[in-house]
Amino acid sequence: MNDPLRIGSSADLPSRKPRKVARMTSKMTSTLTRFGTLCLLTTVVISSTGCYGLGGSNYNLGILGFPIPVSPYYQHKQEEKFHNKERYDRVPILGPTTSGGPPIALDPPSDDEVMQALEQARPVQGGIPLIWEKQRNDVRIIKEKIADYIDPPRFYPLIGPAQLHHAHYKCTIYFDESTIIGYPVPHTLRDREAIEVVYIDHNHFHMVGDVEPYTTPNL
């Protein structure tokens with residue numbers, strides 16, 4: 001006679017053995033993967049030491065064992081970027097303006113600053129020798145000051161009371177530009193009347209005395 005409190009037999013209950021086997025298989029796979037990765041890294045490190053690797057058996061990394069050539073162009077670009085930041089991208093803080101006359105900017109852009117701005121607007125660097133190159137010759141620069149004025153004193157964070165002096169220059173560059181093409185048909189293109197105009201701002205600060213404190217208006 002069957003027990004009335006018994007819902008099902010043992011044959012109806014799911015077996016837990018397949019789950020345990022799957023978990024053990026997953027753990028073994030993860031362990032083997034880690035062990036294989038560790039062995040590979042150890043072999044790479046040991047084989048890359050010395051002149052010929054482990055035990056003189058001449059283990060090497062193949063093409064990865066050779067240095068990757070890098071064009072000097074990229075090195076020059078990084079040095080040029082720092083050069084511009086150090087010399088031209090910072091705003092100088094000068095002393096107070098001279099009383100008795102209007103402040104006048106006496107620092108026009110240098111030829112190097114003009115050429116750096118021209119290189120950013122119309123680059124000639126980065127060509128491929130004997131394939132495609134661009135050259136710039138017979139450069140003439142004309143500098144014109146188009147604006148020179150100063151703002152009223154105010155308080156600037158991290159600076160204090162100061163005046164911002166604006167000086168804007170228009171620089172016209174005349175030059176001969178040659179484009180040398182070596183493949184597939186070698187030829188040279190010369191533009192003997194190339195003209196480029198760049199605008200350069202020489203804004204700077206002048207320190208001043210105490211600025212009148214700001215008063216809140218009565219509403």
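Which residues line the second largest pocket? The tour of this predicted model opens with that site.

**First stop: the second largest pocket.** Please select Asn-84, Tyr-88, Asp-89, Glu-113, Gln-116, Ala-117, Gln-120 and Ile-200, which form the lining of the second largest pocket. The volume of this pocket is about 190 Å³. Next, highlight helix 3, spanning residues 111–121; with 4 residues, helix 3 gives the most to this lining. Colouring the lining by residue class shows 3 nonpolar, 3 polar and 2 charged residues.

**Second stop: the largest pocket.** The volume of the largest pocket is about 460 Å³. To find its centre, select Pro-92, Asp-107, His-202, Asn-203 and His-204, the closest to that centre of the 28 residues in the lining. Then display strand 4 (160–181) and strand 6 (204–207), the elements that give two or more residues to the lining of the largest pocket. By class, this lining comprises 12 nonpolar, 10 polar and 6 charged residues.

Turn now to the surface and select Ile-128, Leu-130, Ile-131, Trp-132 and Tyr-183, which make up a nonpolar patch. Together, these residues have about 570 Å² of accessible area.

Is Leu-130 buried or exposed? The relative accessible area of Leu-130 is 73%; because a residue counts as exposed at over 50%, Leu-130 is exposed.

Key. Residues numbered from 1 in each chain as written. Predicted model: local features only at pLDDT ≥ 70, side-chain atom pairs only at ≥ 80, totals over all residues. Heavy atoms only, no water. 1 Å grid on protein atoms, 1.4 Å probe; cavity = no way out; pocket = protein on both sides within 12 Å on 5 of 7 lines; lining within 4 Å. Points joined across faces, edges and corners; volume = space filled by probe spheres on them. Nonpolar A, V, L, I, M, F, W, Y, C, P; charged D, E, K, R; others polar. Patch = residues over 30% accessible without salt bridge, like charges linked within 9 Å, V, L, I, M, F, W, Y side chains within 5 Å. Areas by Shrake-Rupley, 256 points an atom, 1.4 Å probe, with all protein chains shown as cover. Salt bridge = Lys/Arg side-chain N within 4 Å of Asp/Glu carboxyl O. Buried < 20%, exposed > 50% of the residue type's maximum accessible area, 1.4 Å probe, protein only.
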